[in-house]
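Have the sequence and the 3D view ready, and take your time. Try each task yourself before reading its solution.

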Amino acid sequence: MIWDFGFSISDFLEFRILFKRTINGLTTAWKGLSLTIKHLFTSNSKREIVSVTDDNYFKKQNDTNTIQYPHQELPVPEVGRYQLDVEIDDCIVCDLCAKICPVDCIDIESIKATEVIGQTSDGSKKMLYAAKFDIDMAKCMYCGLCTIVCPTECIVMTNQYDRTVFELKDLTYEFSDMSPEDAAEKRILLEKQQAEKQAAKLAAMKAKEGGA
Amino acid sequence: MNFYVTYFIIAAGLFAFVGAFTLFGVYAERKISAFIQNRLGPTETGKFGSLQTLADIVKLLQKELIIPAAADKVLFLMAPGIIFIAVYLGFAALPWAPGLVPSHINIGLYYIFAIISIETLGILMAGWGSNNKYSILGAMRSAAQIISYEIPAGFAIISAVMIAQTLNLQDIAMQQGILSAEKTKFLGLWDVSATGGILAWNVFQAPHLLIAFVIYFIASLAESNRAPFDIPEAESELVAGFHTEFTGPQFALVFLAEYSMMFLVSMVGVVLFLGAWNTPLPNIGSVTLATWTTGTIWGIIWILIKTMSLVGVQMWIRWTLPRLRVDQLMNLCWKVLTPLAFACMLISGVWRLWVM
């Protein structure tokens, strides 16, 4: 053809589409850039710490989001369910918590007492010594089942959540207040009593057999 | 023999500046990214975390230099050095103030663009020498990207050179202020030889250079492997691209090269388009602001402010825009930037012939 410049209508349209795309790219890029520059200049102060119960809590997300943890802490409710604590004076050493624990993090060793050793604050009789009452906080999964089954409510969850330690064994909390010597003494007492009982039983059986 | 001492002092001074800028640049980058994302960035080391990067470099330099068993030892060891030296040599021709330029050569601009092209070689050596899939992919992408983007960058530069009629960066700088020997005209109409200031900058002497500047700036982002053109490093796909295998001092050298490259391309942009070391303040009647704020110290201050702002914009863009795909990258380069840069060059010729 005579009038062929090597440039057709479709080429021209393609060029227009390209031009449109370029403009679109630049304007959308500018939209993003203006958004980020706004953030660059609004949020360089310390985060203001408010409780999650505060009405403004979610509005704070538009400012600095970082909580500088050891210096700042989010308030937790007083009834928070974090680390376990045992009031050993109220414990009747029933072992229910150790039995229900899904991860077996509670380790209790009991010694039968030779007599009633006291009362818990809710009036239950204490007839067992807790020679060992260890909770391995590194294993605990914070399910709270132990606090539910406890008949005297001596094992509770507290609002303490930060126990950073250097040794893993430091995460095994020991709640028993008995010294090893005490425990050994009680064991001997128990053995003596059991031996006496056994002897009495044998004597009774012999007397019964003799009588028959 | 005395001049050799001077050479070494200048070289050491430039190296010290590059090192100091990298420390500052990494700190600024971390702070800017943090504020953009509503975080705080480094806060613990020094006041406002200002000693964080110093601590980082001390740590990096103490680290073990690990060479992968399958790596090509020669290439692997040489690569970071070549990458850094290529960029570092570029600083030789950059003017800092009237009469203050490390090397006054009449093909300064040509020299800079020749010498920083060697960086690609270093990146390819790093990628190939590491003997790692990710590294070689990153290096190939980097080579393809830098070679492509040198074309629009080159044409944008040529359009400025056609206005200036010289490749000597100090002369180009001189023409954009009150010290100019030739007449400077704002938008080609109003004689501002005595007024100077922002009106005499290249982008305002010939307005189409504003487009050329934007093209150059976009291309320079690609040449320094910065987001949104950071596909050679692309941490989400290629681990860290060509510098995946580098540790300790070698990694530090690659980082040094990246940040000095950012400064270098920004400074070239400032010299060519934004008035180099010239003051933005014009002479107004008897209030001769431009004359007062021109000099060696002022020159260094102005060029640092301008260059740092451009580096700031690079960081701002990095933390805003997502990475381009390879095909989008090539589309942008060949279908948008190259034709536009051609048009700018054409207008430059017409401008030179009929307006100036």
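Predicted model: local features only at pLDDT ≥ 70, side-chain atom pairs only at ≥ 80, totals over all residues.

Residues are numbered from 1 along each chain as its sequence is written, and chains are lettered from A and ligands numbered from 1 in the order in which they are written.

**Exercise 1. Find the confidence scores of the model and of chain B.**

Step 1: The model scores ipTM 0.74 and pTM 0.79.

Step 2: Chain B has a mean pLDDT of 86, and 100% of its residues reach 70 or more. Here pLDDT is the predictor's confidence in each residue, from 0 to 100.

**Exercise 2. Describe the build of each chain, and decide how each one fits the globule rule.**

Step 1: Start with the elements. Helices (H or I, at least four residues) and strands (E, at least two) are DSSP runs, numbered from the N terminus. Chain A has 4 helices and 7 strands, in the order α-β-α-β-β-β-β-α-β-β-α from the N terminus on.

Step 2: Chain A is more spread out than a compact globule, because its radius of gyration is 36 Å, well over the 17 Å that the globule rule gives for 212 residues. The radius is taken over C-alpha atoms, and the rule is 2.2 Å times the number of residues to the power 0.38. The C-alpha trace of chain A spans about 140 × 45 × 30 Å along its principal axes.

Step 3: Chain B holds 13 helices and 4 strands. For its 356 residues a compact globule would have a radius of gyration near 21 Å, and chain B agrees, with 21 Å. Its C-alpha trace spans about 65 × 55 × 45 Å along the principal axes.

Step 4: Now look at burial. A residue is buried if 20 or more other C-beta atoms lie within 10 Å of its own, exposed if 12 or fewer, and partly exposed in between, with C-beta atoms placed from the backbone. In chain A, 11% of the 212 residues count as buried; in chain B, buried residues make up 46% of the 356.

**Exercise 3. Find what covers helix α8 of chain B, then count the residues where the two chains touch.**

Step 1: α8 runs over residues 208-223 of chain B. Its buried residues include Leu209(B), Phe213(B) and Tyr216(B).

Step 2: Among the elements that cover the buried residues of α8(B) are α5, α10 and α13 of chain B.

Step 3: Two residues are in contact if their C-beta atoms, placed from the backbone, lie within 7 Å. By this rule, 16 residues of chain A are in contact with 14 residues of chain B.

Conventions: Expected span 1.5 Å × (residues − 1).
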